[in-house]
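Here is a quick, friendly tour for anyone meeting this structure for the first time. Have a look at the picture, then read on.

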Amino acid sequence: MLKSRPDRYGAIAVSIHWLSAVLILALLGSGFRAANAEDAATKAGLLRFHIPVAIIVLLLTALRLVWWWRFDRKPAPVKASPRWQARLARFVHVAFYVFILGMVASGIGMMILSGAAPAVFGTPGAMLPDFTAYPPRGPHGLGALLLVGLLVFHAGAALFHQLVRGDHLLRRMWYGG
């Protein structure tokens, strides 16, 4: 089933969710490694991976938003969950969209303001700039840390529902059914 039902997500939403999750983890890993890399060649290599993956995450996020807005409906909140949990879950999901779009915007801002594209994408002799000298770097770094916190909270809540409450929440966000 491609579309969601009242009790579970459809295959398209599940695919976008898990692909986005894996790619966001890869972005966080490559971004933190690039930020801490001492060697310019290593940093540039990491950014050559990081930037296209960020574009894919942006496209997946846009696809997800269009999918929910135009073609599909989200499942109903988990039964027997307090109202505050449903509101908190909605807030967390909206926060993911805000952080993802903010991270992409600040990343694009850094690339444009710093003129780093030639150095990242292989122009011979081009030097990588000091990204900390550009205003979008601060929000980009803070956004990455906040995104890690949001991911930990999101995964922890899913595991709480799965293991403690026993309501099989993870099954809603997987294939089959």
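## Before we start

Contact here means heavy atoms within 4.5 Å, and that is the sense in which one part "covers" another below. Keep in mind, too, that this is a predicted model.

## Helix α1 and what covers it

Let's begin with α1, which takes in residues 11–36. It has 26 residues, and at 1.5 Å a residue they should span 38 Å. The end C-alpha atoms of α1 are 38 Å apart, so expectation and model agree.

Quite a few residues of α1 are buried, among them Ala13, Val14, Ile16, Leu23, Ile24, Leu27 and Leu28. Ser20, Ser30 and Ala34 are on that list as well. What covers the buried residues of α1? The cover includes α2 (40–71), α3 (83–114) and α5 (137–165).

His17 is worth a stop of its own. It sits in helix α1 and has a relative accessible area of 15%, so it counts as buried, the cut-off being under 20%. Setting aside neighbours within four places in sequence, His17 is in contact with Arg64, His154 and Met173.

## Ser4, ahead of the helix

Step back to the segment before α1 and you'll find Ser4. Is Ser4 buried or exposed? Its relative accessible area is 15%, so it is buried.

The side chain of Ser4 has a couple of polar partners. It reaches the backbone nitrogen of Gly10 at 3.0 Å, and it makes a polar contact with the side chain of Asp72 at 2.9 Å. Not counting residues up to four places away in sequence, Ser4 touches Tyr9, Gly10, Ala13, Trp68, Asp72, Arg73 and Pro75.

## The largest pocket

The largest pocket holds about 1,400 Å³. It is lined by 46 residues, and the closest to its centre are Tyr9, Ala89, Val92, His93 and His154. Two of these names have come up already: Tyr9 is touched by Ser4, and His154 is in contact with His17.

Which elements give two or more residues to this lining? They are α1, α2, α3, α5 and α6 (169–172). The biggest giver is α3, with 12 residues. By class, the lining of the largest pocket has 34 nonpolar, eight polar and four charged residues.

## The second largest pocket

The second largest pocket has about 800 Å³ of space. Its lining is made of 37 residues, with Leu47, His50, Gly107, Met110 and His140 nearest the centre.

Here α1, α2, α3 and α5 each supply at least two lining residues. The largest share of this lining comes from α2, which brings eight residues. Sorted by class, the lining of the second largest pocket has 26 nonpolar, six polar and five charged residues.

Where is His168? Look in the loop between α5 and α6. With a relative accessible area of 35%, His168 is partly exposed.

Terms used: Residues numbered from 1 in each chain as written. Predicted model: local features only at pLDDT ≥ 70, side-chain atom pairs only at ≥ 80, totals over all residues. Heavy atoms only, no water. Helix = DSSP H or I, 4+ residues; strand = E, 2+ residues; numbered from the N terminus. Expected span 1.5 Å × (residues − 1). Buried < 20%, exposed > 50% of the residue type's maximum accessible area, 1.4 Å probe, protein only. 1 Å grid on protein atoms, 1.4 Å probe; cavity = no way out; pocket = protein on both sides within 12 Å on 5 of 7 lines; lining within 4 Å. Points joined across faces, edges and corners; volume = space filled by probe spheres on them. Nonpolar A, V, L, I, M, F, W, Y, C, P; charged D, E, K, R; others polar. Polar contact = N/O pair within 3.5 Å; in protein donor to acceptor, adjacent residues only side chain to side chain.
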